[in-house]
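Hi,

Here is the structure I said I would pass on to you.

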Amino acid sequence: MAHLHKRALPLSADEGNSGPIDSLTFDAGAQFVDVRPGTTNEFQSPGPNDLRGPCPGLNAAANHGFLPRTGITTVQTTIDGLGKAYGFGPEFAAALSAIAIALTGDPTGQTWSVGGSYTPALLGGVITNPEGISHSHNSYESDASPTRSDAYLNNGDASSLILSKFDSLYKTANADGEFTLDILRNHNKEVHDFSIQNNPYFFSAPFAGLVPPIAHHFVVNLMSNHSAERPNGFLTKAVLKSFFAISGPDNALVYNKGQERIPLNWYRRPLTNPYGAVAAAADVAILATKYPDIVEVGGNTGTVNSFTGVDLGNVTGGVYNAQTLLQGNNAACFAFQAAQQAIPGVLSGLVASVLTPILNLVNNAINPVTSALNCPALLTFDQSKFNQYPGYKYHPKI
């Protein structure tokens, strides 16, 4: 059972860890995620050819076999695995997976990688090897990540955890040693400002630019433990360290790359209250009320502290502008619609026999989300307005 909060925006620090929709009940048998040694979903370190990338939740899911341990997955496998592991909404998983396939994966085999590049199912069916989300700068991955570096500031590597960035997040725990959505939103503001102040190529794209804010919300909504006493969830330092592959005492933290784990004795959010696109859009709306600059589309113009927002009216034919983007579900709507509008151009080099099925996959995944969010129709998407930002076309090859 779930209900929408009745509090006025912005939500205060007493907001529960299930986000804008409370989790009111707890079922130990249904919510227990069994990752004990000897079980199907026991932890296994990735092998030398297994792919891992910038998202700790995806890495942990692959390390426990909720996603293929290779790190290469499909839409349906992602829906099933993330639902079982985290209580992730199926329509949300489908949309994010379809976009990942189209922008970073193998349209022929309809697969995508949680990490780096891999060989496609049909050689010659795609123009180049799929890059995976590790190398998807400004198309899927973006600047101002919770614990990863901006690509430009780290020789193109936006996939590896930066220990100092994790430590900065870790130290924001409250007096009880726990993390809340309010804490993660404040951290989102800090890393966003850091990127503007230090990265002359900082760019926040319509879809990719919303990934870091949503990722900040993922940390609390999907990694929190749950109990009968605290059905809304609670996120401790120990649990955060496990999901982010961190060990060691507070004063000597160690990053163990690729070793992200779902903790033992951990209970996910209930499937009666999955974290879906509507909840995520509400979280973004809360964030936009508190820190509107985080969801602004635009970037630095070649020097630090030169952030300039794009004229969204010109980009969208007047459907959105800087003010309306902050209202209701509009920021989330524009993110999904922008990806949907951009994908045909990205895939224009594919033959029709490959292009048509992948466009159908994308549309069939995104349309239910934009319908659920009651998005306005977007018929115009002029990406040429982004050419003024040097970071827009910064796509490092590492």
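Predicted model: local features only at pLDDT ≥ 70, side-chain atom pairs only at ≥ 80, totals over all residues.

Let's start with the core. The largest nonpolar core has 103 residues, and those with the most contacts inside it are Tyr 86, Phe 92, Ile 262 and Phe 334. Helix α4 (residues 90-104) gives the largest share of this core, with 11 residues. As a general point, nonpolar side chains in soluble globular proteins tend to be buried together.

Leaving out residues up to four places away in sequence, Tyr 86 touches Gly 57, Ala 60, Ala 61, Leu 222, Phe 243, Ile 262, Trp 266, Arg 268 and Arg 269. Gly 57, Ala 60 and Ala 61 are among the buried residues of α2, which brings us to that helix.

How many of the residues of helix α2 (residues 56-63) are buried? Eight of its eight, so the helix is mostly covered. The cover over these buried residues includes α3 (75-86), β4 (112-113), α7 (211-223) and α8 (237-243). Just after α2, Gly 65 takes a positive phi of about 75°.

Next, a loop residue. Pro 130 is in the loop between β4 and α5 (163-170). Is Pro 130 buried or exposed? Pro 130 has a relative accessible area of 3%, so it counts as buried. Setting aside neighbours within four places in sequence, its contacts are Thr 104, Gly 105, Asp 106, Ser 117, Tyr 118 and Pro 120.

On the surface, Tyr 152, Leu 153 and Phe 194 form a nonpolar patch with about 270 Å² of accessible area together. Phe 194 belongs to helix α6 (residues 181-198), and at 45% relative accessibility Phe 194 counts as partly exposed.

Last, the cysteines. The structure holds one disulfide, which joins Cys 333 to Cys 375 with an S to S distance of 2.0 Å. The pair links distant parts of the chain, 42 residues apart: Cys 333 lies in helix α11 (residues 330-346) and Cys 375 in the segment after α12 (352-372). The torsion about the S-S bond is about -85°, so this disulfide is left-handed. Both Cys 333 and Cys 375 are buried, whereas Cys 55 is partly exposed, with a relative accessible area of 26%.

Cheers

Methods:
Residues numbered from 1 in each chain as written. Heavy atoms only, no water. Patch = residues over 30% accessible without salt bridge, like charges linked within 9 Å, V, L, I, M, F, W, Y side chains within 5 Å. Areas by Shrake-Rupley, 256 points an atom, 1.4 Å probe, with all protein chains shown as cover. Salt bridge = Lys/Arg side-chain N within 4 Å of Asp/Glu carboxyl O. Helix = DSSP H or I, 4+ residues; strand = E, 2+ residues; numbered from the N terminus. Buried < 20%, exposed > 50% of the residue type's maximum accessible area, 1.4 Å probe, protein only. Core = buried A, V, L, I, M, F, W, Y, C linked by side-chain atoms within 4.5 Å. Contact = heavy atoms within 4.5 Å. Disulfide = S-S within 2.5 Å.
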